[in-house]
Amino acid sequence: MTLRNLLKVTLACTLMVILLGAYTRLSDAGLGCPDWPGCYGQFKVPSAAHELAKAESLFPDHTIDPAKAWPEMIHRYIASSLGLLVILVLVACYRLKEAPRKLPLFILVLILFQGALGAWTVTMKLMPVVVMSHLLGGFTLLSLLTLLYLRTTGFRIPSGDPGMRQYQRLALACVGVLVAQILLGGWTSSNYAALACTELPFCEGDWTTNLKIADAFSPFQGTHPSFEFGVLDYHARMTIHVAHRFGAIITACLLGLLAFRMIRRAHSKVLRNAGWVLALFLVLQIGLGISNVVLHLPLAIAVAHNLGAAFLLVTLVFINYALWRKA
């Protein structure tokens, strides 16, 4: 298998891990297995009588729920496969003289840290700052693998489109704003604040007088047996939710501006199409966000909202690569 094909498989696996992580989190299966890396002391969900007896003896205070344990274990299996793929990518890069070497090494370090965050997510009982960091790590991994793939293609901005260079800083600002919005989304999800407001465009009632910014965004939320289902009061969760909505407006405006400029002013088909793709994913993401509120967070739409964020980020990585690399 060539390096490019290996990277394609690795990128697909990364997307799958992000999707399964979102499904596990949104279906409240994050503690489906109370230990790590196994499940109730085993490498699969206990099902046989002797396995159940052993699990009950090791974890007498837990009730085994296969419907929640299996998604968590499948997520771990595929995440482990992703780790092996990253190692193969690193080996392949070191065998090819023209391939990048520092970037795949950094990616390997990142995925090892991701494994540690995955363990802490369980051992720290879904502490929001750990859950959010784990989410950010997944998106960072996806971005770096996309960048590595682009570097193996030899792609350059078309020489007949030098005028697009003036949008370099705008494209970079879009990445920063989108990452901040992803962080807000992760903070909203990990604090179970997705349904704190059920009206549009902002929140029901006199929400402006009930904002608790310090409580809402403090990374330290005290000591609790578990952070599952959240520990913040309603006003703090409402503050998080409102911040995510305002962030969505800012993100939509900035990304929409970049897409509009690329569609109108790019001469090359590659960059013009990238603008259309960015616009399409942005419209879909806005629609998914509104649907989450109107339909009260259906699992399929909530997971798709995570996927939409991943596609937006990959698109922006491509646009920035095209605008910042030499022609």
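**Helices and their contacts**

Tutor: For "transmembrane region", the unreviewed UniProt entry lists residues 77-96, 103-123, 129-150, 170-188, 242-263, 275-295 and 301-324. These positions follow the numbering used here, feature names are shortened, and annotations may be inferred rather than shown by experiment. The model is predicted: local features need pLDDT of at least 70, side-chain atom pairs count only at pLDDT 80 or more, and totals for chains, interfaces and linings use all residues. Residues are numbered from 1 along each chain as its sequence is written, and side-chain values use heavy atoms, with hydrogens and water left out.

Start with two of the listed spans. Residues 129-150 are 100% helix and 0% strand, with end C-alpha atoms 31 Å apart. Residues 301-324 are also 100% helix and 0% strand, and their end C-alpha atoms lie 34 Å apart. Helices (H or I, at least four residues) and strands (E, at least two) are DSSP runs, numbered from the N terminus.

Now helix α5, residues 128-153. Its 26 residues should span 38 Å at 1.5 Å a residue, and the end C-alpha atoms are 38 Å apart, so the two agree. The expected span is 1.5 Å times one less than the number of residues. Gly154 follows α5 and has a positive phi near 75 degrees.

The partner is helix α10, residues 299-324: the α5 and α10 axes are 10 Å apart, at an angle of about 35 degrees. (Axes are lines fitted to C-alpha atoms, for helices over the stretch in contact; angles run from 0 to 180 degrees between N-to-C directions.) The α5/α10 crossing is right-handed. That term means the near helix is turned clockwise from the far one by less than a right angle; anticlockwise is left-handed. On the α5 side, the contact residues include Leu135, Phe139, Leu142 and Leu150. On the α10 side, they include Ala309, Leu313, Val317 and Tyr321. Contact means heavy atoms within 4.5 Å. By class, this α5/α10 contact has 12 nonpolar, three polar and one charged residues. (Ala, Val, Leu, Ile, Met, Phe, Trp, Tyr, Cys and Pro count as nonpolar, Asp, Glu, Lys and Arg as charged, and the others, Gly among them, as polar.)

α10 also packs against helix α8. The axes of α8 and α10 are 13 Å apart, at about 50 degrees. That angle makes α8 oblique to α10. (Under 35 degrees is roughly parallel, over 145 roughly antiparallel, 65 to 115 roughly perpendicular, and the rest oblique.) The α8/α10 crossing is left-handed. Leu255, Leu258 and Met262 of α8 meet Leu312, Leu316 and Ile319 of α10. This contact has six nonpolar, no polar and no charged residues.

On to helix α6 (residues 168-190) and α8 (residues 234-265). Their axes come within 9 Å and cross at roughly 155 degrees. The two are therefore roughly antiparallel. The α6/α8 crossing is left-handed. From α6, Ala173, Val177, Gln181 and Trp187 are among the contact residues; from α8, Ile240, His244, Gly247 and Leu255 are among them. The classes are 16 nonpolar, six polar and no charged residues.

The 23 residues of α6 should span 33 Å at 1.5 Å a residue; the ends are 33 Å apart, which agrees. Tyr192 follows α6. It is not a glycine, yet its phi is positive, about 55 degrees. Tyr192 sits in the loop between α6 and α7. Pro201 lies in the loop between α6 and α7 (213-216) too. A cis peptide bond joins Leu200 and Pro201, with omega about 5 degrees.
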